Every structure is written in structure tokens, then in C-alpha cells.
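Morning, everyone. I have one structure for you today, so please look at the screen.

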Amino acid sequence: MPTTDEQSILAGRARRIQDPLLSRARELRHDQTPAEELLWERLRDHRLGKAKFRRQHNVGPFIADFYCHSAALIVEVDGGIHAQQAERDSVRDEWAVANGFAVLRVTNDEVTGDIEAVLARITEALTP
């Protein structure tokens with residue numbers, strides 16, 4: 001299991017981000033989906049259990065929709081495209097878990113249809 005220091009190299013301040021990946025993360029922050037915007041309004045500014053979340057955050061070679069460093073938690077909001085890229089998502093999830101991160105996937109429909117249930121699942125994932 002990777003240490004907190006190793007996770008910091010992959011996702012914290014000590015990480016090194018390639019310019020194209022950094023640019024893509026900035027684009028994604030600017031062009032959020034409606035479900036991502038809705039969830040971000042509930043996660044930002046320590047609004048959920050006082051946990052600090054970052055959006056469209058570089059974690060290793062990937063960009064996580066939302067990331068909480070203190071819990072090493074990646075939250076992914078999946079839209080319709082994810083049905084077509086399930087294998088790619090599986091590879092990302094396996095990499096994240098192998099590097100000590102927890103991954104929680106929710107769908108756009110879950111976020112827009114029952115945000116409170118999604119927030120409860122995230123809160124549960126934040127609890128050690």
C-alpha cells in the first residue's frame with residue numbers, strides 16, 4: 001500500500017504535471033457538465049463534512065472529477081460516454097486503487113436525481 005508521501009507525489013503539492021494534462025484539467029474546470037456543477041456547489045469550500053475537495057484535479061496520469069486529498073478519495077461523475085469506455089475507466093480505477101486511492105463512481109442521473117443520496121455515499125467514503 002502506498003504511503004501518504006507517495007500519494008502526495010501523485011496527487012498533492014509535490015506532484016509534477018505535464019503541460020498538456022494541466023491544460024486539459026483547466027479546460028474541464030471551465031466546461032463542467034450540469035451534474036458536475038451541481039455536485040461542486042455541494043462540495044466546494046469544505047461544505048461536506050469540512051472535507052476539502054478539488055475539482056478536475058490531476059492524480060498521477062489522470063484527471064479526477066473531484067478529489068479529497070485528506071481521504072485519498074476520487075469521485076467520478078459518469079455520463080453516457082462512460083458506458084462506451086468502461087474498460088478505460090476500469091484501468092483508471094485499478095491504477096488508483098493500486099496507488100492507495102479510493103474511487104467512488106456516481107452517474108449524472110444520480111447526481112441530478114438524488115443529490116442527497118450521492119452526498120451520503122461520499123460522506124460514507126470519507127469516513128475511515
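Let me start with a term. A salt bridge here is a side-chain nitrogen of Lys or Arg within 4 Å of a carboxyl oxygen of Asp or Glu. By this rule the count comes to 10 salt bridges.

Now the ground rules. This is a predicted model, where local features need pLDDT of at least 70 and side-chain atom pairs count only at pLDDT 80 or more, while totals for chains, interfaces and linings use all residues. Residues are numbered from 1 along each chain as its sequence is written, and side-chain values use heavy atoms, with hydrogens and water left out.

First, the overall layout. The protein has 6 helices and 4 strands. Both are DSSP runs, numbered from the N terminus: helices are H or I with at least four residues, strands are E with at least two. Read from the N terminus, the order is α-α-α-β-β-β-α-β-α-α.

The 4 strands form an open sheet in the order 1-2-3-4, with mixed pairing. Strand 1 (54–59) and strand 4 (102–107) stand at the edges with a single partner strand each, so one side of each has no neighbour in the sheet. Neighbouring strands are turned by 45 degrees against each other on average, direction ignored. Pairing means that DSSP finds at least two bridges between two strands. Strand 3 (residues 73–78) and strand 4 run parallel, joined by 6 bridges. Leu 73 stands opposite Ala 102 in strand 4.

What lies across the sheet strands? Helix 4 (residues 86–98) lies across strand 1, strand 2 (62–68), strand 3 and strand 4, at about 150 degrees to strand 4. Helix 6 (residues 115–126) lies across strand 2, strand 3 and strand 4, at about 175 degrees to strand 4. Those angles run from 0 to 180 degrees between N-to-C directions, with axes fitted to C-alpha atoms, for helices over the stretch in contact. Contact means heavy atoms within 4.5 Å.

Asp 78 forms a salt bridge with Arg 105, with the closest N and O atoms 2.7 Å apart. Asp 78 lies in strand 3 and Arg 105 in strand 4, so the pair ties together parts that are 27 residues apart in sequence. Are these two buried or exposed? Both Asp 78 and Arg 105 are buried. Buried means under 20% relative accessible area, exposed over 50%, and partly exposed in between, with a 1.4 Å probe and protein chains only.

Now a salt-bridge network. Its members are Glu 41, Arg 44, Asp 45 and Arg 47. Glu 41 bridges to Arg 44, with closest N and O atoms at 3.4 Å. Asp 45 bridges to Arg 47, also with closest atoms 3.4 Å apart. Asp 45 is exposed, at 55%. Glu 41 is partly exposed at 40%, Arg 44 at 28%, and Arg 47 at 46%.

Leu 43 sits in helix 3 (residues 34–43). Leu 43 is buried, with a relative accessible area of 0%. Leaving aside neighbours within four places in sequence, Leu 43 contacts Leu 48, Ala 51, Phe 53, Phe 66, Leu 119 and Ile 122.

Last, the totals. Of the 128 residues, 39% are buried. Among contacts with a separation of 6 or more, 61% involve residues 24 or more positions apart. The accessible surface is about 7,600 Å², with 51% belonging to carbon and sulfur atoms. Those areas come from the Shrake-Rupley method with a 1.4 Å probe; for residues, only the protein chains shown count as cover.
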